[in-house]
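Here are a few friendly notes to read alongside the model. Keep the structure open and find each residue as you go.

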Amino acid sequence: MKENNGGNDPEMMQLNAMMDKLIAVQNPDLAKQIYKKPEQNSAYDSLFKAIPAVIAVNQKAKQGSVVELRILDTVVLNGMVIPKGHAFFGLAAFSNQRLNLEIKNIRMGNQVIPVNLTVYDKRDAMPGIYAPEALLSDAIGSGTVDAMGSVGLNGFDLTTQIAGAGIDAAKSLLTKKIRRVKQNLKAGYPLLLRDNTKKLK
């Protein structure tokens, strides 16, 4: 597989999609987040007032890790006033070179406030944080070599062997993707938060 440094590589996009589905099969909770159905609301992607926020500190996000954010304005969520500078924490999940953060609870003193927030990258206004470091290049290289090395030429059913090698490569890539995918996050990186509980106007 050729490495593509510019533009979208169709093979890479297809492999990313396949890996996401394999991860979803092994992790139902992640499947709900990645493949959840859009809200039955024709205005789902319409204009909404976002909550400005930033990455709180320099940190390295991995699958399932917790990412700390800080809001830049005072907001009201679930009837509670959340002051400017308050810390929010999101659960990280990677999908198609985006780092999605799930924010379901906020702590205020001894109170836990249930919320439903979607994190957007302020630079491109898309859900999730752009994660260019979350690549499969290293896993693809070793996985492909391992798969090709497992293909023998002594058997008569070469097609079956190649198919089996493809499955093995996919399993190898799945394991390596979960273990290696990470994204460095810099303090102050600009984000926007959407309160999904508010009706759109």
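1. Which residues make a nonpolar surface patch of about 270 Å²? The patch is made by V66, F89 and L91. Patches take residues with over 30% relative accessible area and no salt bridge, joining like charges within 9 Å and nonpolar side chains (Val, Leu, Ile, Met, Phe, Trp, Tyr) within 5 Å. Areas come from the Shrake-Rupley method with a 1.4 Å probe, and for residues only the protein chains shown count as cover.

2. A word on the source: this is a predicted model, where local features need pLDDT of at least 70 and side-chain atom pairs count only at pLDDT 80 or more, while totals for chains, interfaces and linings use all residues. Residues are numbered from 1 along each chain as its sequence is written, and side-chain values use heavy atoms, leaving out hydrogens and water.

3. V66 is found in strand 3 (residues 66-71); strands are DSSP runs of E, at least two residues, numbered from the N terminus. V66 counts as exposed because its relative accessibility is 54% (buried is under 20%, exposed over 50%, partly exposed in between).

4. Searching the whole structure finds two salt bridges, each a side-chain nitrogen of Lys or Arg within 4 Å of a carboxyl oxygen of Asp or Glu. In one, E68 pairs with R70, with the closest N and O atoms 3.0 Å apart. E68 is buried at 17%, whereas R70 is partly exposed at 33%.

5. D124 and R98 also form a salt bridge, 2.8 Å from N to O. This pair links distant parts of the chain, 26 residues apart: D124 lies in the loop between strand 8 (111-121) and strand 9 (126-127), and R98 in strand 7 (residues 98-108). D124 is partly exposed at 29%, while R98 is buried at 10%.

How values were computed: Helices (H or I, at least four residues) and strands (E, at least two) are DSSP runs, numbered from the N terminus. Buried means under 20% relative accessible area, exposed over 50%, partly exposed in between (1.4 Å probe, protein chains only).
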